Amino acid sequence: MAATDSYVEQCVESLCSHGCERVSAYISMLKAGRVFAEVADLSVTERRLVLDELVSIMAPYQGKGKN
C-alpha cells in the first residue's frame, strides 16, 4: 500500500505544479469521472485519493477573490 500512497502523492505533486486554475479543472474532471493522461495509470481508488487530496489542498483558496 505504501507504493500506492507514494504514486498518488507524486501524481498530486505533478498536478499541483500546473497551478491553481488547472488544478481546479483537474478536480472537475475527476469529479465527473473523466480519465485524463496524468491519471490514466491510476486505479479508480487511486484517482479518488488524488481527487480527495486536491480538494483538500484547494479548500483554503475556494471563494478567494470573490468579495
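**Figure 1. Helix α2 and helix α3 cross at roughly 140°.** In this predicted model, the axes of helix α2 (residues 20-31) and helix α3 (residues 44-58) come within 10 Å. Two packed helices are described by the angle between their axes and the distance between the axes. An angle over 145 degrees would count as roughly antiparallel; α2 and α3 are therefore oblique to each other. The crossing in which α2 passes α3 is left-handed.

**Figure 2. Residues of α2 meet residues of α3.** On the side of α2, the residues in contact are C20, V23, S24, Y26, I27, L30 and K31. Their partners in α3 are R47, V50, L51, L54, V55 and M58. Sorted by class, the contact of α2 with α3 comprises ten nonpolar residues, one polar residue and two charged residues.

**Figure 3. The cysteines C11 and C16 are in no disulfide.** A disulfide is a covalent bond between the sulfur atoms of two cysteines. The structure contains zero disulfides. For C11, the nearest cysteine sulfur belongs to C16 and is 9.3 Å away. For C16, the nearest cysteine sulfur is that of C20, at 8.1 Å. A disulfide requires the two sulfur atoms to be within 2.5 Å. With a relative accessible area of 9%, C11 is buried, because buried means under 20%. C16, with a relative accessible area of 28%, is partly exposed. C20, whose sulfur is the nearest to that of C16, is also one of the α2 residues that meet α3.

**Figure 4. Q10 of helix α1 and V50 are 40 residues apart along the chain.** Helix α1 spans residues 2-16 and includes Q10. The relative accessibility of Q10 is 48%, so Q10 counts as partly exposed. Between the C-alpha atoms of Q10 and V50 the separation is 9.7 Å. V50 is also among the α3 residues that meet α2.

**Figure 5. L49 of helix α3 and E9 are 9.1 Å apart in space.** This distance runs from C-alpha to C-alpha. In sequence, L49 and E9 are 40 residues apart. L49 belongs to helix α3 and has a relative accessible area of 32%, which means that L49 is partly exposed.

Figure 6. Read from the N terminus on, its elements follow the order α-α-α. The protein chain has 67 residues, of which 27% count as buried; C11 is buried, whereas Q10 and L49 are partly exposed. Among the contacts in the protein chain with a separation of 6 or more, 60% are between residues 24 or more positions apart.

Note on methods:
Residues are numbered from 1 along each chain as its sequence is written. This is a predicted model: local features need pLDDT of at least 70, side-chain atom pairs count only at pLDDT 80 or more; totals for chains, interfaces and linings use all residues. Side-chain values use heavy atoms; hydrogens and water are left out. Buried means under 20% relative accessible area, exposed over 50%, partly exposed in between (1.4 Å probe, protein chains only). Axes are lines fitted to C-alpha atoms, for helices over the stretch in contact, and angles run from 0 to 180 degrees between N-to-C directions. Helices (H or I, at least four residues) and strands (E, at least two) are DSSP runs, numbered from the N terminus. Angles under 35 degrees count as roughly parallel, over 145 as roughly antiparallel, 65 to 115 as roughly perpendicular and the rest as oblique. A crossing is left-handed if the near helix is turned anticlockwise from the far one by less than a right angle, and right-handed if clockwise. Contact means heavy atoms within 4.5 Å. Ala, Val, Leu, Ile, Met, Phe, Trp, Tyr, Cys and Pro count as nonpolar, Asp, Glu, Lys and Arg as charged, and the others, Gly among them, as polar.
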